Amino acid sequence: MPASATKPLRVAVLADSDTRWKWGALTADRVAPREIRLDGYLLRGRATPTARQLGEVGVRADSLREVTAVEFLRAMHEESYDVLVLALVGGGVQAMLHGLKRVWEDRPQRPVVVTGYVGVVYEKLADGLLLRHGADLVLANSRQDADRFRAVYEGVGADASSVTEVALPFLGGAAYTGEHEPYTVVFAAQPSVPETRRDRTYLLNRLVQHARRHPEREVLLKLRSKPGEHTTHIEELPYQKLSQRLDLPPNFRLVYGHMGEVLDRTDLLVTVSSTAALESLHRRIPTVVLTDLGVREALGNHHFVGSGCLASWDQLDAGHRPEPDEAWVARQGVAADGSYATAFDAARERIAKLLERPGGLPPLTPYYTPVTAPGYLPGILARHHLGPDGTPLPGAPAADREPGPVRQIVRRAARGAYRHGVQRVAPVIRRMGEL
């Protein structure tokens, strides 16, 4: 066997938030045909994860650094990788595909490019998918998503062969075997669902009321981030701040940490539409998706229609316990039937074949081009300081050297000011506009 077939694969992951870093790094490990060396790149922006968030994710890389889009493209021109995972929002993926096509145009060998979604795809299906078109593998987290993804691509005349069915990469943990002592109810909060103060206050009050009604239970509010930190979505009204106004019972607590560790002691997982519901279903933990605020696309809980998990706080307070629909669960990539061990086999086989392709891989060919989307694509590329042909625009951040100490301080200060403006000032201005 040649040495090239046994040495670790060089894999790079570019991510723009804590959640996407977790998805990208775990996906890289799941889909790689053999052992990997993992280099992480964090795209600089409003959601660049903090050291605390990275530690909570619990994923380790052989190297990890923060970059701009142009700096990342420079690194991809200079470095040689076997696999690249783009764990970004759709516009970021599209920009990188065009930028990479440009920096690799004279290279005989290029990495296999993989992208996908962090969790449930319940909005902007066509928009997000077409922005991801052009990668060698577009991962679908379930059989249902794979069918929908192919239908979208084929419906616009785009090549659908990149769609590859897998499962959510962060599933795992021991199956639920029975109630804990004390019985523990966990509400998995989301940064942007629901959005309004009224709705978030309502959910918090119902959770607190449940704790008071059941003093023998432990009731946990599982939070994604601390105030001032950003995740994949902006959180304008953190539950931490809302809870400061309440007289909280002794059996009610706010908790952070790894979701899997919290699920280890969970007897009932409650959420509006968090991906944590799928993690919980995978482990066969009783799971409820709330209907109190309606079953609506804006909330994302419409995705769970047919799951058997929809219920209200009134029903839960009355003792209702959901029974998930096995056929629905089987189509969601949850793999509660024990098939998780083989869920990534197709992706691994496909990547192995692409790595062995004689003559290397062809150039990246996104669906969107200056011809197919002349009024859309240039704006997407410009947000990442790229021109219509994928080359850096004049004045783009320098990519020829690491920032010095002064530049690093200025960057941190600027990012802090930006986050303060997004999370503190902008909501106030919007509320004033509603008066």
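Predicted model: local features only at pLDDT ≥ 70, side-chain atom pairs only at ≥ 80, totals over all residues.
At what angle do helix H5 (residues 125–132) and helix H6 (residues 143–155) pack? The angle is about 75 degrees, and the two axes lie 10 Å apart. Angles from 65 to 115 degrees count as roughly perpendicular, so H5 is roughly perpendicular to H6.

Now show the side chains where the two helices meet. From H5 come Leu125, Ala126, Leu129, Leu130 and Arg132, and from H6 come Arg148, Phe149, Val152 and Tyr153. Sorted by class, this contact has seven nonpolar residues, two charged and no polar ones.

Zoom out to the whole chain. The protein has 15 helices and 13 strands. Of its 435 residues, 51% count as buried. Among contacts between residues at least 6 apart in sequence, 74% join residues at least 24 apart.

Next, select Trp21, Leu38, Val114, Leu139 and Leu278. These are the residues with the most contacts inside the largest nonpolar core, which has 46 residues. Helix H1 (residues 18–31) gives the most to this core, namely five residues.

Stay on Leu38 and display what surrounds this residue. Apart from neighbours within four places in sequence, Leu38 is in contact with Val11, Val13, Trp21, Ala25, Ala28, Arg60, Ala61, Asp62 and Ser63.

Move on to helix H7 (residues 197–213). With 17 residues at 1.5 Å a residue, H7 should span 24 Å, and its end C-alpha atoms are 24 Å apart, so the two agree. Colour the buried residues of H7: Asp199, Arg200, Leu203, Leu204, Arg206, Leu207, Val208, His210 and Ala211.

The last stop is Asp264, in the loop between helix H9 (259–263) and strand E11 (268–271). Is Asp264 buried, partly exposed or exposed? Its relative accessible area is 44%. Buried means under 20% and exposed means over 50%, so Asp264 is partly exposed. Leaving out neighbours within four places in sequence, Asp264 is in contact with His180 and Arg283. Finally, pick the C-alpha atoms of Asp264 and Ser280: these residues are 16 residues apart along the chain, and the atoms are separated by 9.7 Å.

Terms used: Residues numbered from 1 in each chain as written. Heavy atoms only, no water. Core = buried A, V, L, I, M, F, W, Y, C linked by side-chain atoms within 4.5 Å. Buried < 20%, exposed > 50% of the residue type's maximum accessible area, 1.4 Å probe, protein only. Helix = DSSP H or I, 4+ residues; strand = E, 2+ residues; numbered from the N terminus. Contact = heavy atoms within 4.5 Å. Axes fitted to C-alpha atoms, helices over the stretch in contact; angles between N-to-C directions. Parallel < 35°, antiparallel > 145°, perpendicular 65-115°, else oblique. Nonpolar A, V, L, I, M, F, W, Y, C, P; charged D, E, K, R; others polar. Expected span 1.5 Å × (residues − 1).
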